[in-house]
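Hi everyone, thanks for making the time.

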Amino acid sequence: QVQLQQSGPGLVKPSQTLSLTCAISGDSVSSNSAAWNWIRQSPSRGLEWLGRTYYRSKWFNDYAVSVKSRLTINPDTSKNQFSLQLNSVTPEDTAVYYCARISDYIGAIDYWGQGTLVTVSS
Amino acid sequence: QSVLTQPPSASGTPGQRVTISCSGSSSNIGSNTVNWYQHLPGTAPKLLIYSNNQRPSGVPDRFSGSKSGTSASLAISGLQSEDEADYYCAAWDDSLNVFVVFGGGTKLTVL
């Protein structure tokens, strides 16, 4: 059974960097048949896919155009986890952030983290 | 606003059959499979249906999915009180802007 455990602060000041980590158990961040994603949910934007990292002989990253200039997703093989860093945040970035796994076998997001409410406010 | 369109609410009485629709376009539902999720507030979303109509292990066969053209549907038969939740559809998108898109969610109330 795959479990994703999120950690990180719930309050970030405007213009600063939002950082979250997702620890993986039951699978490997280096898996050749999975991709590791960040998704957020807000009342104004609904569910929004932000980006992913995955390993297929080398590491790949994809980011949504809406956040591409501000977002970095990094894998950490030593701790079997991956992270999100969103720079220059504004109140519009206030949302519940989820990490999630996409399985190549079923072509769907099959496991989600518990979610972290991040509020951008001074 | 969400890329995929769902009705904001649906309701039914115990034992009834309800359906939730999800409408998209040629770049998402029209050319890719649809997945459905059940979400209870404060918990992680749960995968209910993948590849239009496949149920993961452990999901009751009361839940079924279908797709036609650029629309999809989730059907719940034999409605139970524990089915009261938010339901979301999702699909891959072939545009260069985003990898996966979601519906706005449907709040199902069991009367």
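Is Asn52(B) buried or exposed? Do keep in mind as we go that this is a predicted model. Asn52(B) has a relative accessible area of 16%, and because the cut-off for buried is under 20%, Asn52(B) is buried. You'll find Asn52(B) in the loop between E4 and E5 of chain B. Along the chain, Asn52(B) and Ser73(B) are 21 residues apart, and their C-alpha atoms are separated by 8.7 Å.

Let's stay with the loops of chain B for a moment. Arg62(B) also sits in the loop between E4 and strand E5, the strand that covers residues 63-68. Arg62(B) counts as buried too, at 16% relative accessibility. What does the side chain of Arg62(B) contact? The partner is the side chain of Asp83(B), in a polar contact at 2.8 Å.

Now to the loop between strand E2 (18-23) and strand E3 (34-39) of chain B, where Asn28(B) has its place. With a relative accessibility of 1%, Asn28(B) counts as buried. A polar atom of the Asn28(B) side chain lies 2.8 Å from the backbone nitrogen of Ser25(B). Asn32(B) is found in the loop between E2 and E3 of chain B as well, and at 14% relative accessibility Asn32(B) counts as buried. If you take Asn32(B) together with Ser2(B), the two are 30 residues apart in sequence, and 17 Å lie between their C-alpha atoms.

One more from chain B: Gly105(B), in the loop between E8 and strand E9 (106-110). Gly105(B) has a relative accessible area of 12% and is buried. Gly105(B) and Ser9(B) are 96 residues apart in sequence, yet 8.2 Å apart in space, C-alpha to C-alpha.

On to the aromatic rings. How many aromatic pairs are there over all chains? The count comes to 9. One of them is formed by Trp49(A) and Phe99(B), with 5.5 Å from centre to centre and 55° between the planes, a tilted arrangement. Why does this pair join two chains? Trp49(A) lies in strand E5 of chain A, residues 46-55, whereas Phe99(B) lies in the loop between strand E7 (85-92) and strand E8 (100-102) of chain B, so the pair joins two chains. Trp49(A) itself counts as buried, at 3% relative accessibility.

Next come Tyr98(A) and Trp112(A): their ring centres are 5.7 Å apart and their planes stand at 90°, so this pair is edge-to-face. The pair links distant parts of chain A, with Tyr98(A) in strand E9 (residues 95-103) and Trp112(A) in strand E10 (residues 108-112), 14 residues apart. Tyr98(A) is buried with a relative accessible area of 4%, and Trp112(A) counts as buried at 8%. Tyr98(A) and Trp112(A) also belong to one aromatic cluster with Tyr37(B) and Phe102(B).

Before we leave Phe99(B), please look at its ring face. Arg52(A) lies over that face, 3.7 Å from the ring centre.

The largest pocket holds about 440 Å³ of space. Its lining is made up of 22 residues, and those nearest the centre are Gln1(A), Asp110(A), Tyr111(A), Lys46(B) and Leu47(B). Which elements give two or more residues to this lining? They are strand E1 (3-7), E9 and E10 of chain A, together with strand E4 (46-49) of chain B. E10(A) provides the largest share of the lining, 3 residues. By class, the lining of the largest pocket divides into 12 nonpolar, 7 polar and 3 charged residues.

The second largest pocket has about 270 Å³ of space. There are 17 lining residues here, with Leu47(A), Glu48(A), Val3(B), Val98(B) and Val101(B) nearest the centre of the pocket. E5 of chain A and E8 of chain B each supply at least two residues of this lining.

Note on methods
Residues numbered from 1 in each chain as written. Chains lettered and ligands numbered in written order. Predicted model: local features only at pLDDT ≥ 70, side-chain atom pairs only at ≥ 80, totals over all residues. Heavy atoms only, no water. Phe/Tyr/Trp six-rings, centres within 6.5 Å; stacked < 30°, edge-to-face > 60°. Helix = DSSP H or I, 4+ residues; strand = E, 2+ residues; numbered from the N terminus. Buried < 20%, exposed > 50% of the residue type's maximum accessible area, 1.4 Å probe, protein only. Lys NZ or Arg CZ within 6 Å of the ring centre and 35° of its normal. 1 Å grid on protein atoms, 1.4 Å probe; cavity = no way out; pocket = protein on both sides within 12 Å on 5 of 7 lines; lining within 4 Å. Points joined across faces, edges and corners; volume = space filled by probe spheres on them. Nonpolar A, V, L, I, M, F, W, Y, C, P; charged D, E, K, R; others polar. Polar contact = N/O pair within 3.5 Å; in protein donor to acceptor, adjacent residues only side chain to side chain.
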